Amino acid sequence: MGLYTYDSTDIPKTDRIPKLVEHLYAKMPEIESARAVLITESYRQTENEPMILRRAKAFRHILENIPIIIRDLELIVGSTTIAPRGCQTYPEFSYEWLEAEFDTVETRSADPFYISEQTKRELKEANAYWKGRTTSELATSYMEPETLIAMEHNMFTPGNYFYNGVGHVTVKYEEVLAIGFSGIREKAEAELASISLADGDYQKKSRFLQAVMISCDAAVMYARRYAKLALQEAEKCTDEVRKLELLQIAQTEERMIQDALH
């Protein structure tokens, strides 16, 4: 008590947020296929390479090619989907449960999602690659028969740990903000140059450092894509207020890129 004070004064709000919320909920959530298609393309191209490098290259391939959008009124960009409430899929974790619901997911009572026939076809084609390769199948292979029976009878479920990626990771945001992607990349590059082939962990460490460098380059490239898109949108925008906002978005992205490169 006494250490913190709370100012209860109402903060004036613009009408931007209500409009963004209105646009967000105007349509049903939608399942998209872009990420699943791209990660599958990358993994097909990197067969037999070290897994950590395959992951980094897949990350780069996704950021290079996934469709991007700057929606009306948005000031913060970087959506993973084109639809306002879109959902990408992660076939490397699991996919069979979703495929089983392709024809009912739009009409189910809980959490319905729209999915187009084209998206179904694209996901089925991508998912076929992951048969026998998913993390859920790997986890199942370690489980006792009694465990699988208990899961089948809904006695318990690993939930998202089983079906999706788990994001319980805290990264060093303060370091990224302090030295940028270039600083992280330079640290990795310097460490890679300092290690020796004679080191017992050379293979593991060198591949990790290479993956860090690939990932940093991918993030910078992704920001550059948004800077370019914002400039394109600004050029054809007839609303002077929105044009300035788009130019500011482009400037912000370019500043991040320059901070990352210097």
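**Note on a predicted chain**

1. Start with Lys-120: this residue is buried, and its relative accessible area is 9%. (Buried means under 20% relative accessible area, exposed over 50%, and partly exposed in between, using a 1.4 Å probe and protein chains only.) The structure is a predicted model, in which local features need pLDDT of at least 70 and side-chain atom pairs count only at pLDDT 80 or more, while totals for chains, interfaces and linings use all residues. Residues are numbered from 1 along each chain as its sequence is written, and side-chain values use heavy atoms, without hydrogens and water.

2. What does the side chain of Lys-120 meet in a salt bridge? The partner is Glu-117, at 3.0 Å from N to O. (A salt bridge is a side-chain nitrogen of Lys or Arg within 4 Å of a carboxyl oxygen of Asp or Glu.) Both residues sit in helix α5. They are 3 residues apart, about one turn of the helix. (Helices, H or I with at least four residues, and strands, E with at least two, are DSSP runs numbered from the N terminus.)

3. The next bridge joins Arg-185 to Asp-217, at 2.8 Å from N to O. This pair links distant parts of the chain: Arg-185 is in helix α9 (residues 173–194) and Asp-217 is in helix α10 (residues 202–236), 32 residues apart. Arg-185 is partly exposed at 24% relative accessible area. Asp-217 is partly exposed too, at 37%. Elsewhere, salt bridges with shared partners tie Arg-16, Arg-242 and Glu-245 into one network.

4. Now take Lys-131, whose side chain meets that of Glu-96 in a salt bridge of 2.9 Å, N to O. Again distant parts of the chain are linked: Lys-131 lies in the loop between α5 (117–129) and α6 (135–141), Glu-96 lies in helix α4 (residues 96–99), and the two are 35 residues apart. Is Lys-131 buried or exposed? Lys-131 counts as exposed, with 52% relative accessibility. Glu-96 is partly exposed at 44%. The count of salt bridges comes to 18.

5. Step back to the whole fold. The chain has 11 helices and 2 strands. Read from the N terminus, the order is α-β-α-α-β-α-α-α-α-α-α-α-α. The C-alpha trace spans about 60 × 60 × 55 Å along its principal axes. The chain has 262 residues, and 34% of them count as buried.

6. Look at contacts (heavy atoms within 4.5 Å). Take those between residues at least 6 apart in sequence: 69% join residues at least 24 apart. Ile-82 is partly exposed at 35% relative accessibility. Setting aside neighbours within four places in sequence, Ile-82 contacts Glu-32, Pro-67, Ile-68, Ile-69 and Arg-71. The C-alpha atoms of Ile-82 and Ile-66 are separated by 9.6 Å, and these residues are 16 apart along the chain.
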